Amino acid sequence: MQKPEKPQNGDPRSRPNKAVFIITFGCQMNEADSEAIAAAFRRRGYALTDEIKKADAVVVNTCTVRQKAEDKAISQIGRLRVWKEKRPEGNIFVVGCAAQKLGGKYLKNRFPFVDEVVGAKAIDQFEDALITQLGPSPEAETSHQNIYRSPQTAYVTIMRGCSLKCSYCIVPAVRGPAVFLSPEAILKDAAGKLKAGAKEIVLLGQTVNAYRHGKTTFAELLKKVLALPGLARLRFMSPHPVYFDKAFTAILKAEPKLARHIHLPVQSGSDRILKAMRRGYTAKEYLALIAGLRQAAPGLAVSTDFIVGYPGETEEDFQATLALVAAGRFSMAYCFKYSPRTDRPEMKADIPEAELEKRLERLLAAVKTNSLLVLKERIGKIEEVLFETETYGRASGNFAVRVKTAAAPGRLEKVLIASAEKNTLNGKLP
Ligand code: SAH
Ligand code: SF4
Ligand code: F3S
């Protein structure tokens, strides 16, 4: 076919050759939103840049789960003042959870150089903000690009928001109640990303295993995704302990493509604190749950999240958390200092900072000792590794694995584990 003489809309030659710099705070949900934002820019001919100096537009995707996260986002926005002075025609977009919490009025007032504010609840309307600033998009579809993980791994959002009411958590307020995407939309997204070269899919949501759309349950959705051609491995994040059921356990048992790793936040080992947090389980129930999952999938790695210093947490409560670290045999755990997200007096942080620091250090030490034990259990075993580079990949249990001999990126290979150090397993290809 003859090419038209002049570049037309949609023709790559008409692309403006501009660049967007996207900075993302917070969780995978935000990362997935940033990938969609990057795609919307790409449709307008913008490439991604990691040098803000070369950018024509900047997006700050914010988090507010803890005060520190919000503070970081705010100071990042503040630093853009100079960028905008040097480039008055540049566009600044502030999006995400802190944008939702603080609101456009407040943010634009405090930072008048910000062009558009789009809160997490309204992220579907990001395209409207882009149209206001840059005009309509000349291209309808764009190829997918994984930004935050290796090219082998693609995020697929299956739900937005959260309908639980954990006492400490701001997510339901800034992301709204749970809304589940249709299985058709999810499968289309996943199939497209696999076709574009992804080998591993990560299904995303705040209570991902609560998924239900019409008659489709989480277990049924997993089956459908597992049947997609080209899929080597399926992960999901983050599930909540109260939503696992027998149907899930059966799939875990039967489907080796379902990763032998679950990130299952527990938050505390004290039943009194868990109750105050409104988590809906006791420490014993949590441990029984992971024991059942490990029975179905021997060698299943479980990682978790802890909050230290929840209001009223006593030394005894904290010791229950330490006991849970040992009993849970976690491969990894994120440990957070409690950060009040409301002004309600009973939710005030009431553990003195010095004591809080000490508890955090004790918890981190316990997690480290324990996870090294878990890692060392893998020595002498064969791990199936999805290679990201010629010498580095991830085992099904999500452990980082290094080999000296060259493997093929994007391939699943069996690796014999010879040693373990820090967070990494070293092995060789047989
Ligand atoms: N939806 C997931 C977690 C979302 S937030 C779940 O329910 O498991 C990610 C983690 O941030 C939480 O697991 C929790 O450990 C931590 N977190 C949430 N709110 C917090 C707060 N106010 N202070 C400290 N840590 C918090
Ligand atoms: Fe927050 Fe997770 Fe609880 Fe939802 S389930 S309220 S996102 S901690
Ligand atoms: Fe932060 Fe929003 Fe995620 S508050 S942790 S970016 S859902």
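1. How are α11 and α12 oriented relative to each other: roughly parallel, roughly antiparallel, roughly perpendicular or oblique? They are roughly parallel to each other, since helix α11 (residues 283–296) and helix α12 (residues 315–328) have axes that cross at roughly 10° and come within 11 Å. Here angles under 35 degrees count as roughly parallel, those over 145 as roughly antiparallel, 65 to 115 as roughly perpendicular and the rest as oblique. On the α11 side the contact (heavy atoms within 4.5 Å) is made by A283, L287, I290 and R294, and on the α12 side by L324, A327 and G328. By class, this contact has five nonpolar, one polar and one charged residues, where Ala, Val, Leu, Ile, Met, Phe, Trp, Tyr, Cys and Pro count as nonpolar, Asp, Glu, Lys and Arg as charged, and the others, Gly among them, as polar.

2. On provenance, this is a predicted model, in which local features need pLDDT of at least 70 and side-chain atom pairs count only at pLDDT 80 or more, while totals for chains, interfaces and linings use all residues. Residues are numbered from 1 along each chain as its sequence is written, chains are lettered from A and ligands numbered from 1 in the order in which they are written, and side-chain values use heavy atoms, with hydrogens and water left out.

3. Helix α8 (residues 218–226) packs with α9 at an angle of about 25°, the axes being 8 Å apart, and that makes α8 roughly parallel to α9. These axes are lines fitted to C-alpha atoms over the stretch in contact, with angles from 0 to 180 degrees between N-to-C directions; helices (H or I, at least four residues) and strands (E, at least two) are DSSP runs, numbered from the N terminus. F218, A219, L222, K223 and L226 of α8 meet A247, F248 and I251 of α9, a contact with seven nonpolar, no polar and one charged residues.

4. Around ligand 2 are C162, L164, C166, Y168, C169, V171, P172, Q206, T207, H240 and R279, which by class are seven nonpolar, three polar and one charged. Around ligand 3 are G26, C27, N30, C63, T64, V65, C97, R175 and Q206, with four nonpolar, four polar and one charged residues.

5. The second largest pocket holds about 1100 Å³ of space and is lined by 30 residues, of which A36, A39, R43, D189 and K193 lie nearest its centre. A pocket is found on a 1 Å grid over the protein atoms alone, as an open set of points where a 1.4 Å probe fits, with protein on both sides within 12 Å along at least five of seven lines, and lining residues have an atom within 4 Å of a point. The lining has 13 nonpolar, six polar and eleven charged residues, and α1 gives the most to it, with eight.

6. Most residues other than glycine have a negative phi, and most peptide bonds are trans. The peptide bond from M237 to S238 is cis, with omega near -15°, and S238 is placed in the loop between β12 (233–237) and α9 (246–254). R329, although not a glycine, has a positive phi of about 45° and lies in the loop between α12 and β15 (332–337).

Conventions: A residue is near a molecule or strand if one of its heavy atoms lies within 4 Å of it. Grid points are joined across faces, edges and corners, and a volume is the space filled by probe spheres set on the points.
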